[in-house]
There are 2 protein chains.
Amino acid sequence: MCIDSKKAKEILKNLKLRPTIQRIAITETLIKQKEIHVTAYLLKRMLAENKVFISRATIYNNLNELSNKGFLKKVLVKKGKMWFDTNLSKHHHFYDEEEETLADVAEKEIKFSKFPKIPNGKRIKSVDIVINIKKI
Amino acid sequence: MCIDSKKAKEILKNLKLRPTIQRIAITETLIKQKEIHVTAYLLKRMLAENKVFISRATIYNNLNELSNKGFLKKVLVKKGKMWFDTNLSKHHHFYDEEEETLADVAEKEIKFSKFPKIPNGKRIKSVDIVINIKKI
DNA sequence: TAGTAATTTAGATTCATTCTAATGATCTAA
DNA sequence: TTAGATCATTAGAATGAATCTAAATTACTA
C-alpha cells in the first residue's frame, strides 16, 4: 500500500466516509496532484490515465460529498462547468479568461474596510471574489 | 405606440440592431423597470404574461447580442444559469440561493483595505463579488 | 457471519443553452 | 418603389454538464 492511499483512508475516516476503493482512488488523486483545480471530467481522465475507471455518477457523487464535508471547494468561474478546488483554506481567485486559468488568492490578501448591510432575516453563507485579469 | 416602445427603438438604433418586433418587445420589457435581473426563462415568462410569445432561441440570441453590445451585463452566480442585468454601472451582488434571487450591491458599498498583487504582465479586467446569503 | 445500510454503476433523464436550416422581415441602392 | 441582399426568427434537434434510477455490489455492525 502506498503512502497516499494511507493518507487518503485517514482523510475519509475523519470525514466519516466509507473508504471504498473508488473514494480512496479519488482522494488519492486529489492529494497527489500539484494542480489544485479539477472538473469532474478532468478528474475522471486523470484516474483513467492510472487505469482506474470510475463511473461518472460516482465521480460526481464523491466530488459533491467531499465538498459538502468541506474537503473541496466549488468554484464557478465560467458558465457550464463546475470546478473543484483542493486548496482547503478559504480563498479567492484570479481568473484569466484569455488563458483559461484559475489561480488562488489567499483569504488574508483581501480585507474590507467597508461592507454592505446584509438584508434583514438573512446571513452570509459565503463570499466569492473572482478577480478577472487579462494581459496588459 | 407607447413611450417604452419608442425608447426601445431608439436604444436599438443606437446599438445598430434592427428594430424587429421581438427585439422591441424584449428591450421594452428590460427598460420598464429601473434595474432588472432576468434569466432567459424569466424574461420569456414576463413576455408571455403580456401575451408576447417569443421563441427560446430568439430570447437567447437577443440577450447575448444586447450584452455583447454592452447594454446588458452577464452575471454568473450559480452553475448552469446565466443572469442578465440591466444595471450597467459597476456593482456587485447578493445572491439568495434558497429564493433564487439576485440583488445589487452598489460598488461604493464595498471598499478594500487590502488587495492582492496582480500577476506580472496582467491587469484587472473586473472584480466580481457575490455575497451568498441565506435565511438566519 | 448474517443482515442492513451505504455505495457504485450504466444508462436514462433533466435542464440550460446552442445549433440548424427553413421561413420571414428589414434594409439599401438605383 | 422595388429587387436583391442581408439579417432575424423559429421549431425542433443537438449538446454538454449534472443528476436520477434502480439493480447489483460492497462495507459495516451485532
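View 1. Strand E7 (residues 122–135) of chain A pairs with E7(B) in the antiparallel sense, over 13 bridges. To find your way along this pairing, look for A:Ile129: its bridge partner in E7(B) is B:Ile129. Keep in mind that this is a predicted model.

**View 2. Here is where chain B meets chain A.** Each chain puts residues into the contact: 38 from chain B and 38 from chain A. Putting the two together buries about 3,500 Å², and carbon and sulfur atoms give 59% of that area. On the side of chain B that touches chain A, strands E2 (73–78), E4 (91–96), E6 (111–114) and E7 (122–135) of chain B each supply at least two residues. The largest share of that side is from E7(B), which brings 14 residues. Sort the residues of this side by class and you get 18 nonpolar, four polar and 16 charged.

**View 3. Zoom in on a salt bridge between the chains.** The interface of chain B and chain A has two salt bridges. One of them joins B:Lys122 to A:Asp96, and their closest N and O atoms sit 2.8 Å apart.

**View 4. Now for the protein around DNA strand C.** There are 22 residues around this DNA strand, and the ones that come nearest are A:Thr20, A:Arg23, B:Tyr60, B:Gly80 and B:Met82. Of the DNA strand C atoms that come within 4 Å of the protein, 78% belong to sugar and phosphate. By class, the surface near DNA strand C is made of seven nonpolar, eight polar and seven charged residues.

**View 5. Pick out some polar atoms beside DNA strand C.** Which part of A:Ser55 lies 3.2 Å from a phosphate oxygen of DNA strand C? For A:Ser55, that's a backbone N or O atom. With A:Thr58, a polar side-chain atom is the one to find, 2.8 Å from a phosphate oxygen of DNA strand C. B:Arg18 has a polar side-chain atom 3.3 Å from a base oxygen of DNA strand C. Step back to the elements, and those giving two or more residues to the surface near DNA strand C are helix H2 (21–32) and helix H4 (56–68) of chain A, plus helix H4 (56–68) and strand E3 (81–85) of chain B. H4(A) gives the largest share of this surface, five residues.

Terms used: Residues numbered from 1 in each chain as written. Chains lettered and ligands numbered in written order. Predicted model: local features only at pLDDT ≥ 70, side-chain atom pairs only at ≥ 80, totals over all residues. Heavy atoms only, no water. Contact = heavy atoms within 4.5 Å. Buried area = accessible area lost by both parts, 1.4 Å probe. Salt bridge = Lys/Arg side-chain N within 4 Å of Asp/Glu carboxyl O. Helix = DSSP H or I, 4+ residues; strand = E, 2+ residues; numbered from the N terminus. Nonpolar A, V, L, I, M, F, W, Y, C, P; charged D, E, K, R; others polar. Pairing = 2+ DSSP bridges. Near = heavy atom within 4 Å. Polar contact = N/O pair within 3.5 Å; in protein donor to acceptor, adjacent residues only side chain to side chain.
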